[in-house]
Amino acid sequence: FSGFHPPQVRVAGHGRRLSEEVVSIVERLAAAGYRTGAMTDGGFVSYRFGFGQGFALFSERASELSEMLDDAEGFLAADDGRPVFVFLHTYRAHWPYRVSAETRARLGIEGDAKELLDQAWAEAEASLQGAKVHKNDLPIGDTPHMRALVAGLEQHYRGGSADLDLEFGSFL
């Protein structure tokens, strides 16, 4: 919301907070008479990193998307005639992938995402032949089996994204 890249405002790196000296677009909108509200799952989009600057309402909680959208509807329903800037943020499309039964059937998604990921990690670890590497640095490898595992995980990601789109679309 500052218009700067993180290193320009010294927030690159874990645990750093946006300086209150940096004026965000949200602060400018609030100064121009906008009612400002944010609903976020937290994580890196958190008050502790300075994301709350300028928001009259900053709701930060990991919850179901439906609860966040209820909060947003409540914020919008408190209309007082001023223009509104509302920001909604969710990690819903990220791990763990949650796909409804309806979307699984509609998109032909099979299997369990956690099992697919565990198989992919096991295959990647086996390809290292005992070398010690941090799990996040494991090479994926390019075998037919690994490509199938990654494709299965991609299906789960796309399914979770489709469900997110459906729920958010009904809000819009």
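**Close-up views**

View 1. The model shown here, as in every view below, is a predicted one. In this model, the side chain of Asp80 meets that of Arg35 in a salt bridge, with 3.7 Å from N to O. This pair links distant parts of the chain: Asp80 lies in the loop between H2 and S3, whereas Arg35 belongs to strand S1, and the two are 45 residues apart. Arg35 has a relative accessible area of 7%, which is under 20%, and is therefore buried.

View 2. With a relative accessibility of 39%, Arg82 counts as partly exposed. Side chains of opposite charge can pair when their charged atoms come close. In total, 7 salt bridges are counted in the model.

View 3. The side chains of Glu154 and Arg158 meet in a salt bridge, at 2.8 Å from N to O. Both residues belong to helix H5, and because they are 4 residues apart, about one helical turn separates them. Arg158 is exposed, having a relative accessible area of 52%, while Glu154 is partly exposed at 37% relative accessibility.

**View 4. An open sheet of 3 strands.** The strands follow the order S2-S1-S3, and their pairing is parallel. Strand S2 (57–60) and strand S3 (84–89) are the edges of the sheet; each has a single partner strand, so one side of each is left without a neighbour in the sheet. On average, neighbouring strands of this sheet are turned by 5 degrees against each other, direction ignored. Strand S1 (residues 35–40) runs parallel to S3 and is joined to S3 by 6 bridges. Within this pairing, Thr40 stands opposite His89 of S3.

**View 5. The largest nonpolar core.** This core has 9 residues: Met39, Leu65, Met68, Leu69, Ala72, Phe75, Ala93, Leu164 and Phe171. Helix H2 (65–77) and helix H5 (144–171) are the elements that give two or more residues to the core. The most come from H2, which gives 5 residues. In soluble globular proteins, nonpolar side chains tend to be buried together. One member of the core, Ala93, touches Tyr157, Ser161 and Leu164, when residues up to four places away in sequence are not counted.

**View 6. A second, separate core.** This core consists of 7 residues, among them Ala113, Leu116, Ala124 and Leu149.

**View 7. The surroundings of Ser24.** Ser24 is found in the segment before helix H1 (25–31). The relative accessible area of Ser24 is 2%, which is under 20%, so the residue is buried. Apart from residues up to four places away in sequence, Ser24 touches Phe1, Ser2 and Gln53.

Note on methods. Residues are numbered from 1 along each chain as its sequence is written. This is a predicted model: local features need pLDDT of at least 70, side-chain atom pairs count only at pLDDT 80 or more; totals for chains, interfaces and linings use all residues. Side-chain values use heavy atoms; hydrogens and water are left out. A nonpolar core is a set of buried Ala, Val, Leu, Ile, Met, Phe, Trp, Tyr and Cys residues joined through side-chain atoms within 4.5 Å. Buried means under 20% relative accessible area, exposed over 50%, partly exposed in between (1.4 Å probe, protein chains only). Contact means heavy atoms within 4.5 Å. Two strands pair if DSSP finds at least two bridges between them. Axes are lines fitted to C-alpha atoms, for helices over the stretch in contact, and angles run from 0 to 180 degrees between N-to-C directions. A salt bridge is a side-chain nitrogen of Lys or Arg within 4 Å of a carboxyl oxygen of Asp or Glu.
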